[in-house]
Amino acid sequence: MERIQSAIAKARAARGAVAAAPKPQAPVKPPKDMWSTLTELQFDETRLERGRIVAHQSGPQAAVFDVMRTNLMHQLREHNWTRVAITSPGSSCGKTTLTLNLALSLARQPDLKVVVLELDLRRPAMQRTLGIDRTCNFAGVLDGSEAPEAQLFRWRSNLALGLNSIPVASPAELLSSDRAAETVDALEERLQPNVMLFDLPPMVVGDDTIAFLDQVDCALMVTEAEASTVSEIDRCGKDLAAHTQVLGVVLNKCRYMEPTESYGYGDT
């Protein structure tokens with residue numbers, strides 16, 4: 001009898017030990033990479049050509065933008081910069097076309113992550129230039145009404161685009177808001193880009209660009225040959241320099257360049 005009671009006691013003790021053993025924890029899943037959540041875009045070659053977008057593939061037409069890419073990355077790495085504003089003195093200087101071509105040239109280097117944000121909210125043009133048939137509302141991300149994952153799009157694995165379909169009322173107030181600044185900071189933290197390009201409005205049409213310049217590391221000014229005046233370039237260059245570092249000036253739409261010449265950054 002004593003042996004039976006002893007065996008029962010040991011069995012109970014063993015059951016208790018099993019019950020007390022902690023359950024194995026489920027493995028913790030790493031946070032999902034934001035790049036993989038973005039909707040991927042497929043561009044139509046004909047529509048890109050119509051919009052003067054040429055730097056999505058290497059070749060003679062992309063060479064000038066590849067030179068700009070090399071010069072830009074040299075400056076960014078030297079100064080540990082990431083955020084680049086691109087603006088112009090007036091409208092129709094080609095800053096949006098240049099921004100997109102430069103971004104595509106950068107993105108052709110697979111080790112670079114590039115983010116392009118369209119902040120010319122008075123006259124958004126990137127969606128039309130790229131031939132994208134969908135509603136885009138990156139301004140909604142800036143004001144908190146849209147989730148970033150819903151309004152950022154991806155080309156290949158390393159270029160993210162924030163675009164807009166329609167103009168925005170009171171863009172200067174939006175661009176100067178704390179919420180917009182916090183949104184850009186959060187996107188940079190989550191996407192970890194090497195380069196962020198901001199397509200900003202022309203300097204002479206309002207204070208939208210000035211309102212946002214404290215959010216960038218440097219700026220590039222695009223001018224139009226035979227249209228941008230010396231006084232405009234000088235005045236806008238001084239305004240830019242008062243708020244950020246000026247990388248240089250691009251002379252666009254020049255008809256008198258030799259075939260072997262290309263544009264790049266000039267000293268200011």
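Aspartate 120 sits in the loop between strand E3 and helix H6, which spans 126-130. One thing to keep in mind throughout: this is a predicted model.

So, is aspartate 120 buried or exposed? With a relative accessibility of 7%, aspartate 120 counts as buried, because the cut-off for that label is under 20%. Its side chain makes a polar contact of 2.9 Å with the side chain of lysine 95. Leaving aside residues up to four places away in sequence, aspartate 120 touches Lys95, Asp199, Leu200, Pro201 and Pro202.

Now step back to glutamate 118, which lies in strand E3. Glutamate 118 has a relative accessibility of 0% and counts as buried. What does glutamate 118 touch, not counting residues up to four places away in sequence? The list is Pro124, Ala125, Met126, Phe138, Gly162, Leu163, Asn164 and Asp199. For methionine 126 there is some detail: its backbone nitrogen lies 2.9 Å from a polar atom of the glutamate 118 side chain.

Let's zoom out to the fold. The chain has 12 helices and eight strands. Eight strands make an open sheet with mixed pairing, and reading across, the order is E1-E4-E5-E3-E6-E2-E7-E8. Strands E1 and E8, the latter covering 245-252, stand at the edges with a single partner strand each, so one side of each has no neighbour in the sheet. As a reminder, strands of a sheet pair through backbone hydrogen bonds, either parallel or antiparallel. Here, E2 (residues 83-87) and E7 (residues 218-224) run parallel and are joined by four bridges. Within that pairing, isoleucine 86 has leucine 220 in E7 as its bridge partner.

On to helix H5, residues 95-107. Helix H5 lies across E2, E3, E4, E5, E6, E7 and E8, and runs at about 165° to E6.

Next, the rings. How many aromatic pairs are there? The count comes to two. Take phenylalanine 43 and tryptophan 155: their ring centres are 6.1 Å apart and their planes meet at 20°, so this pair is stacked, the label for planes under 30 degrees apart. This pair links distant parts of the chain, 112 residues apart, with phenylalanine 43 in the loop between E1 (39-40) and helix H3 (45-50), and tryptophan 155 in strand E4 (residues 152-155). Phenylalanine 43 is buried, at a relative accessible area of 17%, and tryptophan 155 is buried too, at 8%.

The other pair is phenylalanine 198 with phenylalanine 212, which is tilted, at 5.2 Å centre to centre and 55° between the planes. Phenylalanine 198 belongs to strand E6 (residues 195-199) and phenylalanine 212 to helix H11 (residues 208-212), so the pair ties together parts 14 residues apart in sequence.

Let me finish with the whole chain. Of its 268 residues, 47% count as buried. Among contacts with a separation of 6 or more, 79% come from residues 24 or more positions apart. The accessible surface is about 14,400 Å², and carbon and sulfur atoms hold 49% of that.

Note on methods
Residues numbered from 1 in each chain as written. Predicted model: local features only at pLDDT ≥ 70, side-chain atom pairs only at ≥ 80, totals over all residues. Heavy atoms only, no water. Phe/Tyr/Trp six-rings, centres within 6.5 Å; stacked < 30°, edge-to-face > 60°. Helix = DSSP H or I, 4+ residues; strand = E, 2+ residues; numbered from the N terminus. Buried < 20%, exposed > 50% of the residue type's maximum accessible area, 1.4 Å probe, protein only. Contact = heavy atoms within 4.5 Å. Areas by Shrake-Rupley, 256 points an atom, 1.4 Å probe, with all protein chains shown as cover. Pairing = 2+ DSSP bridges. Axes fitted to C-alpha atoms, helices over the stretch in contact; angles between N-to-C directions. Polar contact = N/O pair within 3.5 Å; in protein donor to acceptor, adjacent residues only side chain to side chain.
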